[in-house]
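Open the structure in your viewer and keep the sequence panel beside it. Each stop below says what to select and what is there.

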Amino acid sequence: MNDTAAPHGLHHVTAIASDPQRNVDFYARTLGLRLVKQTVNFDAPDSYHLYYGDAAGRPASLLTFFPWRGVPAGREGAGMTRATAFSVPPESIGWWHARLAGLGVDVTAPARRGDEEVLSLRDHDGLAIDLVAAEGDTRSGWDGAAGIPAEHAVRGLHSVTLAERDLDPTASMLTELLSMDAGASTAGGAVRFGMAGGGAGAVVDVAPGVADRGWQAGGTVHHVAFRAPDLTTMTAWQHALLDRGVPVTDVRDRQYFKSIYFREPGGVLFEIATDDPGFATDEPLLELGRALKLPPWLEPSREQIAAALPPLRVP
Ligand code: ZN
């Protein structure tokens, strides 16, 4: 890959939750993201796949969940992400702290981390989320959440932090294969990598020196996805990765984007996903997330699939 063919940001982060209703209540009500799609895990359609994002579910705004009822709690560690960060306006950090603390969320007081002010919180399943006061993030987020004035709305993903035993193998993949720029160490001891000039939505932090391996289950991240502009470009990257000896999957049809998957050397599952076609392909933009949507190949089984899923109350 060369610089003109590098991922231009984060596309989405997918994590594992337990109860789907609590997941909706936390992300769509407490954090005020828009539920942009209710569908199922295409590889295991007996459970939901819930997508949250901005008004249109644009790439780099998306956090998605596989809610598996009864899943045990996972454990953070090497080869896992340590935190998923969202961007909020700098003047909104105090408002968010008051809101989250008032709702009984497990949240820290605002703290400086290098140049940034950060709130760290955990959802019901223990998933680590940061809210970063990001200068210059011009995205508008979702202005339709009850009780959250538009000026305070979450703007979109800011970054992910990968916890690793060793920095170098992961850094090599990020810079040499994915054409990211390596920046300076952050205040937390992580090294920051940027795509397309970096900035909110285009940042990966790598925190090395983590001894114990993590365990992927409830409250941990399943994979991190990066943006490809189109299928032709993504297929070219797939071949480039294969040429460099990285095992990569074939192209999967995820209905709202097309994807390939591979692991970075430390163990985190990476995905590359196309920007198109997006979430308004099977329901109107105004109605995103209100009804269960299935891809054409699962539509014949809709009755059995829907019967196995718990009903959801959505905002
Ligand atoms: Zn994904």
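A residue is called buried when its relative accessible area is under 20%, exposed when it is over 50%, and partly exposed in between, with a 1.4 Å probe and protein chains only. This is a predicted model, in which local features need pLDDT of at least 70 and side-chain atom pairs count only at pLDDT 80 or more, while totals for chains, interfaces and linings use all residues. Residues are numbered from 1 along each chain as its sequence is written, and side-chain values use heavy atoms, with hydrogens and water left out.

**Stop 1**

Select Gln 255. Is Gln 255 buried or exposed? Its relative accessibility is 18%, so Gln 255 counts as buried. Its phi is positive, about 75°, although Gln 255 is not a glycine. The loop that holds Gln 255 runs between strand 15 (252-253) and strand 16 (258-263); helices (H or I, at least four residues) and strands (E, at least two) are DSSP runs, numbered from the N terminus.

Now go to Ala 196, in the loop between strand 12 (191-194) and strand 13 (203-207). Ala 196 is not a glycine either, yet has a positive phi of about 50°. Ala 196 is exposed, because its relative accessible area is 63%.

**Stop 2: the zinc ion**

Select the zinc ion. Which residues coordinate the zinc ion? They are His 12 (NE2), His 223 (NE2) and Glu 271 (OE), at 1.9 to 2.0 Å. Donors here are N, O and S atoms within 2.8 Å of the metal (3.2 Å for Na, K and Ca); water is not among the atoms, so sites may look incomplete. Along the sequence, the donor residues follow the spacing H-x210-H-x47-E. His 12 in strand 1 (residues 10-17) and Glu 271 in strand 17 (residues 269-274) are 259 residues apart, and the pair links distant parts of the chain. His 12 is buried at 2% relative accessibility, and Glu 271 is buried with a relative accessible area of 1%.

**Stop 3: Ser 61**

Move to Ser 61, in the loop between strand 3 (44-53) and strand 4 (62-67). Ser 61 is buried, with a relative accessible area of 2%. Its side chain reaches the backbone oxygen of Arg 58 at 2.6 Å. Show what surrounds Ser 61, leaving aside neighbours within four places in sequence: the contacts (heavy atoms within 4.5 Å) include His 11, Tyr 52, Phe 86 and Leu 157.

**Stop 4: helix 1**

Colour residues 9-134, one of the two stretches that UniProt, in an unreviewed entry, gives for "domain: VOC". Over residues 9-134 the chain is 17% helix and 47% strand.

Within this stretch, select helix 1 (20-30). Eight of its eleven residues are buried, so helix 1 is largely enclosed by the rest of the structure. Among the buried residues of helix 1 are Pro 20, Val 24, Phe 26 and Tyr 27. What covers them includes strand 1, strand 3, strand 4 and helix 2. At the N-terminal end, Asp 19 caps helix 1, with a side-chain oxygen 3.3 Å from the backbone nitrogen of Gln 21. After helix 1 comes Gly 32, which has a positive phi, near 70°.

**Stop 5: helix 2**

Select helix 2 (residues 93-102), where Ile 93, Trp 96, Arg 99 and Leu 100 are buried. Seen down the axis of helix 2, the buried residues fall within an arc of 125°, so they line one face of the helix. The arc is that of the directions from the helix axis to the C-beta atoms. The face turned away from the buried side carries the exposed residues Ala 98 and Gly 102. Just after helix 2, Gly 104 takes a positive phi of about 80°.

**Stop 6: the nonpolar cores**

A nonpolar core is a set of buried Ala, Val, Leu, Ile, Met, Phe, Trp, Tyr and Cys residues joined through side-chain atoms within 4.5 Å. The largest nonpolar core has 69 residues, and those that touch the most other members include Tyr 27, Trp 96 and Leu 100. Apart from this core lies another, of eight residues, among them Leu 62, Tyr 256, Phe 257 and Ala 273.

**Last stop: a cis peptide bond**

Finish at Pro 277, in the loop between strand 17 and helix 5 (302-308). The peptide bond from Asp 276 to Pro 277 is cis, with omega near 5°.

Methods:
Polar contact = N/O pair within 3.5 Å; in protein donor to acceptor, adjacent residues only side chain to side chain. UniProt positions renumbered as here; feature names shortened; annotations may be inferred.
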